[in-house]
Amino acid sequence: MIEKLARKNILALKPYTSARDMYSEGILLDANENSLGTTSELYGDLCLNRYPDPHQEDLKKAAGEYFGIEGKNLFFGVGSDEVIDLLIRVFCEPREDSAMILDPTYGMYQVACDINNVKTKVVNLKEDFQIDLEAVKKNFDSTVKIIFLCSPNNPTGNLLKKDDILELCRTYNAIIAVDEAYVDFAGDNSLIKEVNEIENLAIIRTFSKAWGLAGIRLGFCAANEELIRLLFKVKAPYNVSSLTRKAVINAIGNKKKKDEFVQKLISERERVKEELSKIPGILKVYSSDANYLLFKCSNARLIQKKMAEEGVIIRDRSSYEMLRDCLRVSIGTEYENNRFLEAIKKFL
Ligand SMILES: Cc1ncc(COP(=O)(O)O)c(C=O)c1O
């Protein structure tokens, strides 16, 4: 199925063979690096003067063990944003194919399609922000090569129903790309272990949220081996830097801290939700499986501006048809959350 869905030129592509593809040890005079060393004194034992392993074996080993996935099923990108872009470039022929997006959702699916000149079919989620299977059916045609799903969904915060996702996988001859950027905050609800069984399922994950590593830019795709091979074909030879690798491998060794972050953020999320619900003028606070809350109040746009003037920055999401008067607030430290609550009380 993967071969049938992929762009012909990608299947035929002879990828760039980099110097570090075959040799990483010895007298390395094959990559025009600087053998004398590096100008940066910050990173001690890291060989920053050498290109990193293009096969990403170190990351595959560390993340593979943590997530319980074989290395051959993993591809790492510069944030999950790179993974989203590469999936489009592998499967969607510009001007001919399309991707389906279930709105309201993360804006980069649309932007990445626009950049690649790939059409989109935008289908609204149902009022409860679950997948509208009928609407998907009505809008699906053979040009659709990817359906982007986001679970928990940004900005609505809810997990999508697992049965609905699995039904899409079974029904459609397309890649079902499930972006699980926030799944660490949603209990045991990742579909990552299903990638061995379901050929057209691609899970997108990131180290930017629960792991607290947004600054180093690392995301990954877990999928069947054939799909992963195609992502490796099209990536830039050394897309993930040595610094990023070191930071992530260190973080995985420190996974207890991530669990503590998650626990704290979930308990703050529930506290802020409760406090927010009590404020007169807040029309609705949606429940969340993520590290943010979506809520409704009148004059949302104005409130967002006034809050920013007060130094508390939240996101106006009211331009989405289904999210009129909705704002989204990330859960921060206890102090930040209290500042947010004080400010919003003042303006409502
Ligand atoms: C749903 C979703 N996917 C992906 C990303 C981007 O993640 P990364 O930092 O890994 O590029 C975000 C960022 O906010 C997001 O909300």
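Modeller: In this predicted model, an open sheet is built from 7 strands with mixed pairing, and their order is E1-E7-E6-E5-E4-E2-E3. The edges are taken by strand E1 (74-77) and strand E3 (119-124); each has a single partner strand, so one side of each has no neighbour in the sheet. From one strand to the next, the twist averages 25 degrees.

Helix H8 (residues 225-234) lies across E1, E7 and strand E6 (201-206), and runs at about 30 degrees to E1. H8 also packs against helix H4: the angle is about 100 degrees and the axes are 10 Å apart. The two helices, H4 and H8, are therefore roughly perpendicular to each other. On the H4 side the contact involves Leu86, Arg89 and Val90, which meet Leu230, Leu231 and Val234 in H8. By class, the residues of this contact are 5 nonpolar, no polar and 1 charged.

H4 (residues 79-91) also gives the largest share of the shell around the ligand, 3 residues. Among the residues that surround the ligand are Gly79, Ser80 and Asp81, together with Tyr106, Cys150, Asn154, Asp179 and Thr206. The shell as a whole divides into 4 nonpolar, 6 polar and 2 charged residues.

How values were computed: Residues numbered from 1 in each chain as written. Predicted model: local features only at pLDDT ≥ 70, side-chain atom pairs only at ≥ 80, totals over all residues. Pairing = 2+ DSSP bridges. Helix = DSSP H or I, 4+ residues; strand = E, 2+ residues; numbered from the N terminus. Axes fitted to C-alpha atoms, helices over the stretch in contact; angles between N-to-C directions. Contact = placed C-beta atoms within 7 Å. Near = placed C-beta within 6 Å. Nonpolar A, V, L, I, M, F, W, Y, C, P; charged D, E, K, R; others polar. Parallel < 35°, antiparallel > 145°, perpendicular 65-115°, else oblique.
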